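Q: I am new to this structure and would like to go through it step by step. Could we begin with the overall picture and then turn to particular residues?

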Amino acid sequence: MLDTVREVSTPELIALRLHCAGPISRALAWFVDLAIRIGVYLVLAFPLSAFGKAGTGLILVGAFLIEWFYPVLFEVLAGGATPGKRALGLVVLNADGSPVGWAASMTRNLLRVVDFLPFFYAIGLVSMLATRDFRRLGDIVADTVVTYRRSATPLPIAPDAPRWRPHAPLSRTAQRAVLAFAERAPRLSPERAEELAEQAPMLTDDARGALAVSRLYGLAHYLSGREQ
């Protein structure tokens, strides 16, 4: 994909990679949503047109609500994606990777009027092409991004082993090292796994060989909260 990867760091120091969606995929999602909005409008317009001026007023009110609240309701209540975005695998997020809220969604959608100028989202397209994360003016003001939705990758599970608790709190670096070992060790030869495990005697109480490996697996289960 040519779309930019945006990296953000959470308060827990976890790096998130957000694959920002470009103009083509966003335009296709917009056309899908446009077709849905037109369909809903027609469903309302045909029966209401039989009520004369009152029906016309209701049709106009319905058109207003569909145009302005359709994207906001879906973005906030349906996981950041309208049906069109969901069909294209897109999602609206805050720039820090958190779910979009009411204020941000309202802001980015109200500014579609400006992005549409002078015709057919010309300003929005120029803004997207001029910014690193393909953000139109509404996204810039609301501090949001449109990214590709990624399916959750299941966390690797270390082989079964008795849980092993450290005698003292572990640093973040040590915790990451233990979890990385538990993820990769099953793909190593037993000899190489034992050699690596023996390099951390402070975590295994100076255990040797297979016992050291087992204790690091147990420590990984302890850190991940998995019962054994």
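Q: What radius of gyration does the chain have, and what would a compact globule of 228 residues have?
A: The chain has a radius of gyration of 26 Å, whereas a compact globule of 228 residues would be near 17 Å. Please note that this is a predicted model.

Q: What does the C-alpha trace span along its principal axes?
A: The trace of the chain spans about 85 × 40 × 30 Å.

Q: And how many helices and strands are there?
A: The chain has eleven helices and four strands.

Q: What share of the residues is buried?
A: Of the 228 residues in the chain, 37% are buried. As for contacts with a separation of 6 or more, 65% of them are between residues 24 or more positions apart.

Q: Let us turn to helix packing. At what angle do helix 2 and helix 4 pack?
A: Helix 2 (residues 52–77) and helix 4 (residues 102–110) pack at about 145 degrees, and their axes are 9 Å apart. Their crossing is right-handed.

Q: Which residues make that contact?
A: From helix 2 the contributors include Trp-68, Phe-69, Pro-71 and Val-72, and from helix 4 they include Trp-102, Ser-105, Met-106 and Arg-108. By class, the contact has ten nonpolar, two polar and two charged residues.

Q: What about helix 8 and helix 11: how do their axes cross?
A: The axes of helix 8 (residues 172–184) and helix 11 (residues 209–224) cross at roughly 115 degrees and come within 9 Å. This crossing is left-handed.

Q: How do the residues there divide by class?
A: The contact of helix 8 with helix 11 has ten nonpolar residues, one polar and no charged. Among those in helix 8 are Val-178, Leu-179 and Phe-181, which meet a group in helix 11 that includes Val-213, Leu-216 and Ala-220.

Q: Is Ala-220 buried or exposed?
A: Ala-220 counts as buried because its relative accessibility is 4%, under the 20% limit. Apart from neighbours within four places in sequence, Ala-220 is in contact with Val-178, Leu-179 and Ala-182. Ala-220 and Pro-159 are 61 residues apart in sequence, and their C-alpha atoms are 9.7 Å apart in space.

Q: Now a polar residue. Where is Thr-144, and which side chains make polar contacts with it?
A: Thr-144 lies in strand 4 (residues 144–148). Its side chain makes a polar contact of 2.7 Å with the side chain of Asp-139 and another of 3.4 Å with the side chain of Arg-108.

Q: How accessible is Thr-144?
A: Thr-144 is buried, with a relative accessible area of 0%. Leaving aside neighbours within four places in sequence, its contacts include Val-92, Leu-93, Val-100 and Ala-104.

Q: And Ser-25, what does its side chain meet?
A: The side chain of Ser-25 makes a polar contact with that of Tyr-148, at 3.3 Å. Ser-25 is found in helix 1 (residues 23–48) and is buried, with a relative accessible area of 10%. Beyond four places in sequence, Ser-25 is in contact with Leu-88, Leu-90 and Tyr-148.

Q: Arg-6 next: buried or exposed?
A: Arg-6 is buried, with a relative accessible area of 18%. This residue is in strand 1 (residues 5–9). A polar atom of the Arg-6 side chain lies 3.0 Å from the backbone oxygen of Ala-95. Not counting residues up to four places away in sequence, Arg-6 touches several others, including Leu-16, Cys-20, Arg-132 and Asp-133.

Q: Changing topic to the backbone, where is there a cis peptide bond?
A: A cis peptide bond joins Leu-117 and Pro-118, with omega about -15 degrees. Most peptide bonds are trans. Pro-118 is in the loop between helix 5 (112–116) and helix 6 (122–130).

Q: Which residues have a positive phi without being a glycine?
A: Phe-120 has a phi of about 45 degrees, and Asp-206 has one of about 60 degrees. Phe-120 is in the loop between helix 5 and helix 6, while Asp-206 lies in the loop between helix 10 (201–204) and helix 11.

Q: How accessible are those two?
A: Phe-120 counts as partly exposed at 48% relative accessibility, and Asp-206 counts as exposed at 58%.

Key: Residues are numbered from 1 along each chain as its sequence is written. This is a predicted model: local features need pLDDT of at least 70, side-chain atom pairs count only at pLDDT 80 or more; totals for chains, interfaces and linings use all residues. Side-chain values use heavy atoms; hydrogens and water are left out. Axes are lines fitted to C-alpha atoms, for helices over the stretch in contact, and angles run from 0 to 180 degrees between N-to-C directions. Helices (H or I, at least four residues) and strands (E, at least two) are DSSP runs, numbered from the N terminus. A crossing is left-handed if the near helix is turned anticlockwise from the far one by less than a right angle, and right-handed if clockwise. Contact means heavy atoms within 4.5 Å. Ala, Val, Leu, Ile, Met, Phe, Trp, Tyr, Cys and Pro count as nonpolar, Asp, Glu, Lys and Arg as charged, and the others, Gly among them, as polar. Buried means under 20% relative accessible area, exposed over 50%, partly exposed in between (1.4 Å probe, protein chains only). A polar contact is a pair of N or O atoms within 3.5 Å; within protein, one must be able to donate a hydrogen and the other to accept it, and residues adjacent in sequence count only if both atoms are side-chain atoms. The radius of gyration is taken over C-alpha atoms; the globule rule is 2.2 Å times the number of residues to the power 0.38.
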